[in-house]
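Welcome, and please open your viewer. We will go from stop to stop, selecting a few residues at a time.

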Amino acid sequence: MKRTGNITTYSNGRVRYGPDMKILIVGAGIAGLTLCGLLEQRGFQPTLIERAPEFGDVGYVIVVWPSGSRILKGLGLYELLEDRGCAFTDYKISNYKGKFINSYTIDPVVEKYGPIISIYRPDLIDILKKVVSENSIRMDTTVVSLQDTKDGVETVFSDGSKGTYDIVIGCDGIKSAIRKDVFGDMPLRYSGMSGWGFWVNPDLCSSEGIIEYWGKGKFLGMWPTRGRLAVFTSVKRKSGVQDSVDTRIESIRKTFAEFGGVVPEILHGLGDPRDIYYDEYNDFSMNSWSCGRVVLVGDSVHAILPNAGAGVSMAMESAAVLAEELCRTDSVNFSHAFWQYESRRKARVNKVQNQSRIMGKFIYTESGILSSVRDYLVRVYSSRQLFRYWDSMLKDPL
Ligand SMILES: Cc1cc2nc3c(=O)[nH]c(=O)nc-3n(C[C@H](O)[C@H](O)[C@H](O)COP(=O)(O)OP(=O)(O)OC[C@H]3O[C@@H](n4cnc5c(N)ncnc54)[C@H](O)[C@@H]3O)c2cc1C
């Protein structure tokens, strides 16, 4: 096979006129790598830039819904996800004292759609990298300036180099610099919850399921993946409260002091506070997902609260839809492809985003009476009802 410009000549003499678009993708996270892999699969030769000098080992456990797994199947990566991830079997909820409230099987979801898989984030990044050619990625690079002109987006990079692209795709996460540059400053929507994430001894969790402790305005969940166990916590807090490394362990112990079950053991075993991640839980949505030659994908345009475990799958789904639409356009009529992409994705993303907000309000209720009512509702909520919830989340066409 020989490629000259947008013309590919195969060994049997067949000639294929490939996509003529010059594409820049900013951010090699989940959305950026997925999109780059899908575009390469379709004959594009995008450039992907990443701010970090190397991929490293930052991140905890992320969840891939069956709708996200479908995208990995299309990329020929699903077996790797199965090998390196861990399929959830069940979901258990206790009150803050550790008293069992209910447990759910997710077998019916698995039967209809396939497994829900947890994976160490750097492992998923490593898997996605396998479908992106090495010379497409430029690490340690950001955009210094973008200028949308009639001939393309004139781009200056942090290493001083320049390029002109037909389209630029911002996959640079919830604090997207591309969004800020093109759409201006847009505030994130704070959920009222903040939290810590950290690793604990995997022996603390005997099952391959999620175990959660629900308190009053406080939450602690244990998320296992292959050979690892992550703990995510949430607590009601005003935005802007500082979380200093020096007092971090003390704050976590104080916040969850009244929790029972295995929580005292978790608190006792807390290690280096610098290895504990803290953030405010925000989400974000926009009326318009593109402007001129620039379009956004993933958290940069539709960040979702972490309680739904949906961010990764929504980012991969959006990348897949945009890749499809870009195959059906060219460097002249791309605006219509952007519109198609946005129209196909918006309702689904809004639905998942709203669901995660409702779920957050329900889980994090602060009032004593309301949390007792909540615990009662969880007790009577059945696996069948949980299946209906998952069905509504997974059945939408892309
Ligand atoms: C380091 C890291 C660790 C994470 N850990 C977890 C976790 O443990 N659990 C969880 O549920 N979610 C985690 N997330 C969030 C999760 O990956 C995303 O919510 C989800 O995958 C959506 O993907 P995304 O590609 O839109 O955004 P992200 O996965 O956030 O990717 C954005 C990418 O863009 C890069 N970038 C940002 N700004 C620029 C710039 N100006 N120029 C070039 N590149 C830029 C970032 O370095 C990153 O690689 C993490 C995100 C990151 C960046």
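Before the first stop, one definition: on a 1 Å grid over the protein atoms alone, a pocket is an open set of points with protein on both sides within 12 Å along at least five of seven lines, while a cavity is a set of points where a 1.4 Å probe fits but cannot get out; lining residues have an atom within 4 Å of a point. Grid points are joined across faces, edges and corners, and a volume is the space filled by probe spheres set on the points. The model is predicted: local features need pLDDT of at least 70, side-chain atom pairs count only at pLDDT 80 or more, and totals for chains, interfaces and linings use all residues. Residues are numbered from 1 along each chain as its sequence is written, and side-chain values use heavy atoms, with hydrogens and water left out.

**Stop 1: a pocket**

Select Phe198, Trp199, Gly271, Asp275 and Ile276, the residues nearest the centre of the second largest pocket, which has 16 lining residues. Strand 16 (189-200) and helix 8 (263-268) are the elements that give two or more residues to this lining. Here helices (H or I, at least four residues) and strands (E, at least two) are DSSP runs, numbered from the N terminus. Strand 16 gives the most, with 3 residues. The volume of this pocket is about 270 Å³. Coloured by type, its lining shows 9 nonpolar, 3 polar and 4 charged residues. In this count Ala, Val, Leu, Ile, Met, Phe, Trp, Tyr, Cys and Pro are nonpolar, Asp, Glu, Lys and Arg are charged, and the others, Gly among them, are polar.

**Stop 2: valine 61**

Now pick valine 61, in strand 6. Valine 61 counts as buried because its relative accessible area is 6%; buried means under 20%, exposed over 50%, and partly exposed in between (1.4 Å probe, protein chains only). Phenylalanine 198 is 137 residues from valine 61 in sequence, yet their C-alpha atoms are 9.7 Å apart. Beyond residues up to four places away in sequence, valine 61 touches Ser118, Ile119, Trp199, Trp223, Pro224, Thr225, Ala230 and Phe232. Contact means heavy atoms within 4.5 Å.

**Stop 3**

Which residues line the largest cavity? Select Ser191, Met193, Tyr281, Leu305, Pro306, Asn307 and Tyr364 to see them. The space inside is about 30 Å³, and the structure holds 1 cavity of 30 Å³ or more.

Next, find serine 234 in strand 19 (residues 228-236). Serine 234 is buried, with a relative accessible area of 2%. Leaving aside neighbours within four places in sequence, its contacts include Met193, Tyr281 and Tyr364, along with Gly195, Phe219 and Phe256.

**Stop 4**

Move to helix 5 (residues 121-129), whose buried residues are Pro122, Asp123, Leu124, Ile125, Ile127 and Leu128. Among the elements covering them are helix 1, helix 2 (66-74), helix 3 (78-84) and helix 10 (311-327).

Stay with helix 1 (residues 30-41) and select leucine 39. Is leucine 39 buried or exposed? At 0% relative accessibility, leucine 39 is buried. Apart from neighbours within four places in sequence, leucine 39 is in contact with Ile23, Ile25, Phe44, Pro46, Ala323 and Leu326. Alanine 320 is 281 residues away in sequence, with a C-alpha to C-alpha distance of 9.0 Å.

**Stop 5: a pair of helices**

Show helix 11 (residues 334-363) and helix 13 (residues 383-394), whose axes come within 10 Å and cross at roughly 150°. The two helices are therefore roughly antiparallel. Axes are lines fitted to C-alpha atoms, for helices over the stretch in contact, and angles run from 0 to 180 degrees between N-to-C directions. Angles under 35 degrees count as roughly parallel, over 145 as roughly antiparallel, 65 to 115 as roughly perpendicular and the rest as oblique. Arg348, Lys351, Val352, Gln355 and Met359 of helix 11 meet Tyr389, Ser392 and Met393 of helix 13.

Asparagine 354 is also in helix 11, and its 38% relative accessibility makes it partly exposed.

**Last stop: aspartate 140**

Finish in the loop between strand 11 (137-138) and strand 12 (143-149), where aspartate 140 sits. Most residues other than glycine have a negative phi. Aspartate 140 is not a glycine, but its phi is positive, about 55°.
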